[in-house]
Amino acid sequence: MSLIDQNSILPGVITEIESDYSSDYDTSLFGTTDSVVIIGTAFNGPVSTPIKVYSPEHAKYIFGSVYDSTTKQEASLVKNILDCWDRGCRTIYAIRVSGQEIYKDYQLAADTDLKLRVSGFYPSNRYKDAYFTFDNSTFDMNVTFYKPAERATIAEKNQGLVESTNSILVNTIDLYSSGFSKEDNLVDLIDKVNSYSYNNVIKLSIVDTNGNDVTLSSIEAKSLKIGDMFPGLYTIGRNKNVKNIVKTQMNISFEQPYAGFSGEYCKVLTLNTDITKDLPIYSANNDINVVLNISCIKEYDFLKTVGSIDEVFGKDDTDYEEVTLSNFELYNKLGSGFAINAEIKEIAPGKFKVKEVTDKDRKKTEIKNGIYSTLENLPVRYRVLAGANADDSINGSLPKLRAFKFAKANSVKMLNDSVELTANIDREDFSAPKKYSVEFKFLEQPEDIAKFTIDKKDIDTASIIKYVNLLPFADYKTITKDDIKDGEFYLVTDYEDVAVFGKDGDAPDATAKKVNVLFVGEDNKLVMLNKFVSATETDYLKDSLVVCGTDLYKCNSEIVSAVNPELKANTFAKVTTNEIGKKYAFVSMNNETFNIVSISDNGAIETLGTADDIFNTSEDENGDIFIVTIDPAKDKTKVTIQSNQLDYLTISEVVEKLQQNKGFNKLFNLEVIDILKAQAFFTDLEAAQQKATELTDKTITYDTTKLIAFRTEDNFARQLAQHCTYTSLKTYPTHGFIGTSILLDTSINAIANKVNGLIALNLSNKMVAKKGNGTNMLDRNNLPYPIGSKVSVTVGQYNMTTDDGYTFISNMAAGYAGMVSCLPLDQSSTCQTITIPTPGYSFNNYQLQSLTNAGFVTVKDSYTKGWVVTDGITMGPVGSPSKRLSASRISDAVSEAIRTVCEPYIGKQNNLTNQNSINTALKAELTKLTGTLIESFDFTLRIDNSTTQLGTIYIDFRIIPIYEISEIFGNVKITK
């Protein structure tokens, strides 16, 4: 129960004494130290976006815990934030490197191609346990959110709404009380839901057929109304019907669903229990609990209990978090690197083999975009790469042959070879190819034209509602008894003496799991009408219609069920026009697309086209009509273009008409390839050119031109150093920190082997800038450009424990960065205390010296000051002043001072006055640093005619930093 009931606040003054866990996180300490950004994996939170972190609790709230006990995975981001915080840093940014968006697109009731996208706030598997229901009742319109308690907001925690960490929090937006109605814009509802203070789990948007967010950019999206949204349960990250109770019933209605509805028709969802459909879970009879066979009283009450939804609708297998990345996957996501490619070679006709590319021009690929490129403009001084180690190899295995597999769209020339017809397909769709027949027909008789200009008043709404729940009329096939499988049984509806039969005509037993409905079709062949369904559910109600071939059948039985002992022969019978009362009826294709069919007096049917095409087609003043009929059938889909305009249209004009047809464009792309031939009139074509064109939509093959990056010779330390170098040159002086791999065996021999292995890496010599093809960048002296001074590599480890009792091992990188962020610029880290737990192992003096000489940062027990940093060094070149971290920090400070002085002059005239001003300002700024950070400085502005024309000023600086005290030698003399 809330301390303050939000729905019952009367006018007056309300006083609440806040607890230490305030309604918002304390931000007062942010900015009191140098800034550190931690880069790593997480179970939650935004990807590629720098987030300010105010405390470890805040980090956990946004990015999730360190460890997931269910998947037994550990994320690197939050644990390194905790390490950095415990070492004193209070200005922390976090960057999550991985995760894929979790969402599902839902149909709308309006006749539109736009869909409602339901997304998780961030990429996370946690949102599989977040869902909402929408009730569009006129006087009880609301949206109710369900989320796990771990996603409780601070306000919810403060109000005592979290009774248990293992519970479901329920929040309801009362739309009716807020003044919403079905006539209001859907985008207003979306804004209300997305901005609701207790909703931190679900986002809504409107997307087009390509998945683009058009919520605020599309006129059509803005015209959608709340009444266009289906009621029911909306989930994401679930695709398994656990109980196998799979039913979908959707109807067409010509009645206005809300005042001001301007469409010709709308879809009416009456039932859906199939989580794989792009429809919410719903029952118009308000008995969804009964339909799903769940024991609870109120509709959707089972959603309030942890785990209950899993008993009905299972989660998908997609890992939206990606906390366990391979080294190459992480390297690729970081970007600013290079990779070695693989390709396929045809070693024999139709046989391919994957190989590493040998051609030097194609062997390596630059990895441009990634996390590092997004961070180049972030003004954060220190950067920690978590979840990766300087001594990691970034190898990868050759990709599988299937990675080069793709579906190639097929094309065919038609209409005297003047146009090319190409199938619209998904390159990743490897399902069986589909066959199409495309044919043109002339409409000449008035009655032919009349049937395409249907007015909705010609269709009895009651009949549509009654007959619309049809089987997909493309979903049938001829079978024999030999096709029947063991463990399945079939209903036969046209035999006089057989109702059901098994493998050899035997009656099914009580354990049978599947049932198919059959009837005797043409030539006395068995025809299967539907796919496998549950043996116990009611599949067909009386008067349901089935379309098979060119005939229409109606179910005569009250219930068609595998366990119905009263099932009689002739369950399905042909129907005529008189039996349904009207000439036109709707046929549901997979409960998604509605076709209008014309039914002749003898019961035969003819597909006229989709509802969209029919109702969007009207005769102009000349009686012209142009429509595409798409008629799926057993072997191929028949596409018929019918018009009374073909007599006077050129081929190019026919193409233009087809390009405007939504139904045609979903299947094909039609393009003129011979402009001269396309100028001919359609009627000038020979009869042979007007016959049906056959097209198989795709060919499954392999792409021999494709390159797939799979490994790199680079290492994470060099990659980080190059990122910091680029950032320092372009925007803000930065320095990187990275650790080395953890030792699980801390024996003396293991430690010695560790030290020898790190020294053998010769990492310092690899710290040079590289081009996108992996070759070295050269400085003005044609030498490799050193960048090692931009990175510190730590060697060491210690245990840390989170507030929920989980213990993890730190590699000291984030801890060292946290310690450095607290040091004044005139203070070196050498021999300074670092407040860490007792390390998991320690080095002897020889090992410490060897690691220090190789550029690694270590810690040692000083006995007087506790654990201290052995030597504050970088991976800079041996003998270079930048080898010292203190010198590198000072040069960064000078660089920042120079940029601060010079940037205001960008865009001004390159004249003597401004040049003198820059000179004066630089001298004043550097003088402030003299005596504290630098001993002396000198600089010269190089200006000549060529640089002036280019708008360029070169400034040569020379500074002498104040070097740290690294050793004190004492000679002690004892005298009498």
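Reading the terms against the model

The secondary structure of the chain comes to 22 helices and 54 strands, where helices (H or I, at least four residues) and strands (E, at least two) are DSSP runs numbered from the N terminus. This is a predicted model, in which local features need pLDDT of at least 70, side-chain atom pairs count only at pLDDT 80 or more, and totals for chains, interfaces and linings use all residues. Residues are numbered from 1 along each chain as its sequence is written, and side-chain values use heavy atoms, with hydrogens and water left out.

Reader: Why is Gln690 called buried?
Author: Buried means under 20% relative accessible area, exposed over 50%, and partly exposed in between (1.4 Å probe, protein chains only). Gln690 has 18% relative accessibility, so Gln690 counts as buried. Gln690 is placed in the loop between helix 15 (675-678) and strand 43 (693-696).

Reader: What does Gln690 touch?
Author: Contact means heavy atoms within 4.5 Å. Not counting residues up to four places away in sequence, Gln690 touches Phe440, Phe442, Phe682, Thr683 and Leu685.

Reader: What makes Thr693 buried?
Author: The relative accessible area of Thr693 is 11%, so Thr693 is buried. Thr693 is in strand 43. With neighbours within four places in sequence left aside, Thr693 is in contact with Val412, Met414, Tyr436, Ser437 and Val438.

Reader: Is Ser373 buried, exposed or partly exposed, and why?
Author: Ser373 is partly exposed, because its relative accessible area is 29%. Ser373 is found in helix 8 (residues 371-375). Its contacts, leaving aside neighbours within four places in sequence, are Ser336 and Lys368.

Reader: What does helix 20 supply to the second largest pocket?
Author: Helix 20 gives ten residues, the largest share of the lining. Helix 16 (716-730), helix 20 (885-902), helix 21 (912-929) and strand 54 (954-961) each supply at least two residues.

Reader: What makes a space a pocket or a cavity?
Author: On a 1 Å grid over the protein atoms alone, a cavity is a set of points where a 1.4 Å probe fits but cannot get out, while a pocket is an open set with protein on both sides within 12 Å along at least five of seven lines; lining residues have an atom within 4 Å of a point. Grid points are joined across faces, edges and corners, and a volume is the space filled by probe spheres set on the points.

Reader: How much space lies in the second largest pocket?
Author: About 1700 Å³. Of its 43 lining residues, the closest to the centre are Leu729, Ser895, Ile898, Ile955 and Phe957.

Reader: What is the volume of the second largest cavity?
Author: The second largest cavity has a volume of about 40 Å³. Its lining residues include Val795, Pro839 and Trp867.
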